[in-house]
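Please look through the sequence and the model before reading on.

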Amino acid sequence: MSYEVDKKIATKSLQENTAYLSERLGVKKSFDVIQLDVEYAGREMALFMVDGFVKDDILHYLMKYLSELTPEQIEEHTLEKLLKTYIPYVEIDKTDDLNTVVQTVLAGPTALVIDGIDQIILIDARTYPVRGPQEPDMERVVRGSRDGYVETIVFNTALTRRRVRDRSLRMEYLQVGRRSKTDVVVCYLEDIADLSHVEDLKNSLQAIDTDGLPMGEKTIEEFISGRHLNPYPVVRYTERPDTAAAHLYEGHVIVFVDGSPSALITPTTFWHHLQHAEEYRNKPIVGAYLRIVRFIAVWASIFILPLWYLLAKHQELLPDNIKYIGIEDAGQVPLLVQFLLIELGIDILRMAAIHTPSSLATALGLVAALMVGQVAVEVGLLTNEVILYLAIAAIGTFATPSYELGLANRIYRIILLIFTAWLGVIGFVVGITGWIIMLSRMKSFNVPYLYPFIPFNYRAMRDVLFRAPMPLKNRRPPFLHPQDPDR
């Protein structure tokens, strides 16, 4: 059956309308799509709904209310009386397009078709299976809110509005996907955000031409950002409503996708992926300390393995008082092969941990400790130094707030390691220089990715490196071009 997007105008014939809707919805082919033929006030009617999406108690109440109507009550101006008087519900609409009715019913609302009326009444009495707003695993804090986004877009927008009670908060609704018609919401503060960026983002979303969004926000990111060979993320994901609210007040634009517990923050720079809510849940001096420690961990995750390999292979670069940094016995396996083996081993363990039931997680940890640690050293496959520095790099990767940035840094670490093994000092320098050039050429929605480092801005760079007290953060980031720069 071909996919049809043209309008199909409803008629006054109940049989024609219900036949078309029944065929397009697959009523007789799908057990969960229901067509309920009823008669109220002397008129034949039909209800179309998806079992599991409809709120049974609300629909039962509305049906009971309709059953008490008499023919005289809706004899004239039937549609207006039903909409305004006799269907007492908040979310109610009408349409004359049967294809719109099909898409709406598949999204959850109920359609009421009435004989003699060429308009279909849409009743948004739906509910979705949803988990509670629990604290996200990836963005935990010691102190702070414990709620997080869920897979239902209405709940996510409500969690955001709870924290942003601003009259200029806008939630613009779009549908993306020719077949899936996935609900997408663009959220921003109209008095603060750069409206040209909002329009560019909405145009990019509306230009997405695909059947559906099975991977939710990740599919949208790949369509609107491009750079498929570049592993570094140009949008930031968050599952915390307070983090999203903080970015809204700065002038960012948030994208919510139905079915996904993560919100997309746009635009973002490299430094946004290194920030964490924990820094702002402590005193400024403590938050500044935590940020510095996190930066050290991230830089260690990128550079410590290539740097140690360089010094181990070229010990003439080491001063006499730190000669111990090198390696006494490199073993039978070349150092580069050891590093590549253990990098692959760590990734395999990470994937195994994801797919391992929690009841077996302890057993997996014991196996990993024996395999990567003691046994690997005893058989001569790895050396103690390799395991030590890989452990430091792995800890730095886990300390990276952004999961996507951590994975990108890991890929670059392997590339830099190969360059260092190939060309020595020149390879190490060229690898770092190329990495900086690559990042400096990147843009996130026309915002330089390394701003405020490149191009340099002293005040903004100071705020990046040190967590400033909130009373002193009285200016919004200038790279966002906010309409109201003063906080």
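Lysine 202 is buried, at 11% relative accessibility. Here, buried means under 20% relative accessible area, exposed means over 50%, and partly exposed lies in between (1.4 Å probe, protein chains only). The model is predicted: local features need pLDDT of at least 70, side-chain atom pairs count only at pLDDT 80 or more, and totals for chains, interfaces and linings use all residues. Residues are numbered from 1 along each chain as its sequence is written, and side-chain values use heavy atoms, with hydrogens and water left out.

Lysine 202 forms a salt bridge with glutamate 172; the closest N and O atoms are 2.5 Å apart. A salt bridge is a side-chain nitrogen of Lys or Arg within 4 Å of a carboxyl oxygen of Asp or Glu. This pair joins distant parts of the chain, 30 residues apart: glutamate 172 sits in strand S6 (residues 169-176), and lysine 202 in helix H6 (residues 195-206). Helices (H or I, at least four residues) and strands (E, at least two) are DSSP runs, numbered from the N terminus. Glutamate 172 is partly exposed, at 24% relative accessibility. Lysine 202 also forms a salt bridge with glutamate 199, with closest N and O atoms 3.2 Å apart. These two residues lie three apart in helix H6, so about one helical turn separates them. Glutamate 199 is partly exposed, with a relative accessible area of 39%.

## Other salt bridges

Side chains of opposite charge can pair when their charged atoms come close. The whole structure holds 23 salt bridges. One of them pairs arginine 178 with aspartate 209, whose closest N and O atoms are 2.4 Å apart. Arginine 178 is in the loop between S6 and strand S7 (182-189), and aspartate 209 is in the loop between H6 and helix H7 (217-225), so the bridge ties together parts 31 residues apart in sequence. Arginine 178 is partly exposed, at 36%. Aspartate 209 is exposed, at 52%.

In soluble globular proteins, nonpolar side chains tend to be buried together.

What does leucine 205 contact, leaving aside neighbours within four places in sequence? The partners of leucine 205 are Leu174, Val176, Val184, Val186, Ile220 and Ile224. Contact means heavy atoms within 4.5 Å.

## One cavity

Rolling a probe the size of a water molecule over the atoms shows where empty space is left. A search of the whole structure finds one cavity of 30 Å³ or more. On a 1 Å grid over the protein atoms alone, a cavity is a set of points where a 1.4 Å probe fits but cannot get out; lining residues have an atom within 4 Å of a point. Grid points are joined across faces, edges and corners, and a volume is the space filled by probe spheres set on the points.

The largest cavity holds about 40 Å³ of space. Its lining consists of Tyr40, Leu47, Leu59, Leu62, Met63, Leu66, Leu112 and Ile123. Helix H2 (residues 56-67) supplies the largest share, four residues. The lining has eight nonpolar residues, no polar and no charged. For this count, Ala, Val, Leu, Ile, Met, Phe, Trp, Tyr, Cys and Pro are nonpolar, Asp, Glu, Lys and Arg are charged, and the others, Gly among them, are polar.

Histidine 272 is in the loop between strand S10 (263-266) and H9. Histidine 272 is buried, at 6% relative accessibility. Beyond four places in sequence, histidine 272 touches Arg236, His247, Glu250, His252 and Phe479.

Proline 88 lies in the loop between helix H3 (78-86) and strand S3 (92-95). Proline 88 is partly exposed, at 36%. Residues up to four places away aside, proline 88 touches Tyr61, Leu62 and Tyr65. The C-alpha atoms of proline 88 and leucine 62 are 7.4 Å apart. Asparagine 446, in the loop between strand S11 (443-444) and strand S12 (447-448), is exposed, at 63%.

Key: On a 1 Å grid over the protein atoms alone, a cavity is a set of points where a 1.4 Å probe fits but cannot get out, and a pocket is an open set with protein on both sides within 12 Å along at least five of seven lines; lining residues have an atom within 4 Å of a point.
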